[in-house]
Amino acid sequence: MRRSILSHFPQALAIFAGSLSVTTAQSSDAALWPLQKYKSSSIQTPFMNVTKMGQTEPGFLFFTPQDIIRGDGHPVIYSDDGQLVWQGANGNYSALQPQMLEGEPVISYWTGYAGIGFGFGYISILNSSYDEIHRVTLDCKTENFVTVFDPMTFNSCIDIHESQFTDNGTILITAVNVTQADLSAVGGPKNGWIQDGLIYEIDIKTNEILFRWSAHEHIDQVPLSDVRVPLEGSGVNKTDPYGYSHLNSIHKYGDNYLLSSRYMCSVFFIAPNGTVIWHLHGRTGGDFTLGLGTSFCYQHDVRFESQTSERVTLSMHNNDNTDFTGHAALTTGMVLDVELQGSKQVTLKSRMWDADEPVYAESQGSYQVLNNRHVLQDHGATPKFEEYDEDGTIVMRAHFGYDNTMQTYRTYRYPWVGRPATKPDVLACPSSESTKTAVYVSWNGATDVQSWKVYSGSNIEQSAVRNGFETTMLVDGLSGSDSLVVEAVGGVGDGVRSEPVTAGQGCLKT
């Protein structure tokens, strides 16, 4: 079967209102993962099925669930008990990551026009009040980008894969660009077309480009022969380019860049002048000799756990699968010791997976080292993540969707204090069977409210401990015309009150 970049789309591409949307025809027998729904808010979000087997590290869970059947996607924050903390607007999202900027915690994520395996958009950076404080863009015209959607144009050509900050107020991002290339080395046309992979370092405040690197411009050190994705007839024109390097993570160490190429099953360490300092290939070894159990391929989220002039220790989410491999290999988290001098030997330091519920992920995923040597591992196209303790024992397992219908690019655990600029949302519904009124309250993004207090007139005052995203309080003495407010107690939002609401207004009759 002939394969192309556009043939990856299980969805239909629809262009409307100047934007590109991915939609899906819903099958009548499709299994839909259940959603959490609320009275006080219109938010709907996937139930997170959490099983804890031990002590997890503190912090909230940040990810971007994308429901392929319903066509919904959001950046979200959850707590360990499976409760929603914050949900952003609906759209196409990727590369969500809580980070530090000038000593303050922020959230960064990609949003824009999403294909399968690439995209064209920008990076939003939000403060703890969930307000956008910076928007990082990459001008498509200035950088002379050509896309598979030509003649359709985009304002910003940042790809979906990375939004990693440096200590110098810059951000590392990926991009893809269609260009001509000699494909004879892989059995294609001499005047063929590829989707080149690029990385940029950009100043967050000014959008100034400080570093640019192209895989194709360094094809002598990043050869097509190392690419593992089959040609299958692609590469004959610019609307069907050969999926070349597929760059999916970048980290900066000193002045050098650590780069992961999914389709080349490779890790590159790149100098500031663009030269490849060393190349680790997960099947052949590249510049190194692979030891027992160190083979990897189609990996994600590669980074250093430690680095010296003689040795580096790498961690990664090793998918070892794609949609074209034709076999199912176990997906694992891997840590490798790489000797940079002497023997150039690669040694397996650790390998972890959920033995009770193994995963065979075809794409995406992340590997985050937490405090106390815990690890959080996300499986991308398989909507599941786990936390492991310092001994490699699983201490938490979480599901948020059915396989092949829900996904997220990465998942992170991070401490966070949300200070929403909004007010709490309230709905008060009198009961037809008793004198009590059910008061529902939620506050999207608030992390540390301890309890809620209801006020109405001079005689009614009632409190309740906060219970998840939405708390329900049964209040006596309210009539259908009474006005009330709900006040947050404790935390950074202590004393913030909702707008006044009237009991019975907006309630559905049963």
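A residue is called exposed when its relative accessible area is over 50%, buried when that value is under 20%, and partly exposed in between. These terms are used in the legends below, which describe close-up views of a predicted model.

View 1. Asn144 has a phi near 60°, a positive value in a residue other than glycine. Its relative accessibility is 58%, so Asn144 counts as exposed. The peptide bond that joins Asp150 and Pro151 is cis, with an omega of about 20°.

**View 2. Asn372 is a residue with positive phi in the loop between strands E29 and E30.** Although Asn372 is not a glycine, its phi is positive, at about 60°. With a relative accessibility of 55%, Asn372 is classed as exposed.

**View 3. Lys52 and Asp80 form a salt bridge.** The closest N and O atoms of this pair are 2.9 Å apart. Lys52 belongs to strand E5 (residues 49-52), whereas Asp80 is in the loop between strand E9 (76-78) and E10; the pair therefore ties together parts that are 28 residues apart in sequence. Lys52 has a relative accessible area of 45% and is partly exposed. Asp80, at 14%, is buried.

**View 4. Arg303 and Asp301 meet in a salt bridge through their side chains.** The distance from N to O is 3.1 Å. Arg303 has a relative accessible area of 18% and is buried. Asp301 is also buried, with a relative accessible area of 0%.

**View 5. Arg397 and Asp354 are joined by a salt bridge and take part in a network.** In this pair, the closest N and O atoms are 2.6 Å apart. Arg397 lies in strand E32 (residues 394-399) and Asp354 in the loop between strand E28 (345-352) and E29, so that the bridge ties together parts 43 residues apart in sequence. Arg397 is buried, with a relative accessible area of 10%, and Asp354 is buried at 3%. The network of salt bridges links Asp354, Glu357, Lys384, Glu386 and Arg397. The count of salt bridges in the model comes to 23.

**View 6. Domain 1 and domain 2 are in contact with each other.** The chain is divided into domain 1 (38-414) and domain 2 (425-502), and their C-alpha centres lie 42 Å apart. At the contact, 12 residues of domain 1 meet 14 residues of domain 2. The area buried between the two domains is about 1,000 Å², and carbon and sulfur atoms give 60% of it. On the side of domain 1, the residues that lose the most area to domain 2 are Lys39, Ser40 and Val85, which together account for 49% of what that side buries.

**View 7. Polar contacts are present between domain 1 and domain 2.** The count is 7 residue pairs in polar contact, while the count of salt bridges between the domains is 0. Strand E10 (residues 84-87) supplies 4 residues, the largest share of the side of domain 1 that touches domain 2. The residues of that side divide into 7 nonpolar, 4 polar and 1 charged.

Conventions:
Residues numbered from 1 in each chain as written. Predicted model: local features only at pLDDT ≥ 70, side-chain atom pairs only at ≥ 80, totals over all residues. Heavy atoms only, no water. Domains from an automatic or database assignment. Contact = heavy atoms within 4.5 Å. Buried area = accessible area lost by both parts, 1.4 Å probe. Salt bridge = Lys/Arg side-chain N within 4 Å of Asp/Glu carboxyl O. Polar contact = N/O pair within 3.5 Å; in protein donor to acceptor, adjacent residues only side chain to side chain. Helix = DSSP H or I, 4+ residues; strand = E, 2+ residues; numbered from the N terminus. Nonpolar A, V, L, I, M, F, W, Y, C, P; charged D, E, K, R; others polar. Buried < 20%, exposed > 50% of the residue type's maximum accessible area, 1.4 Å probe, protein only.
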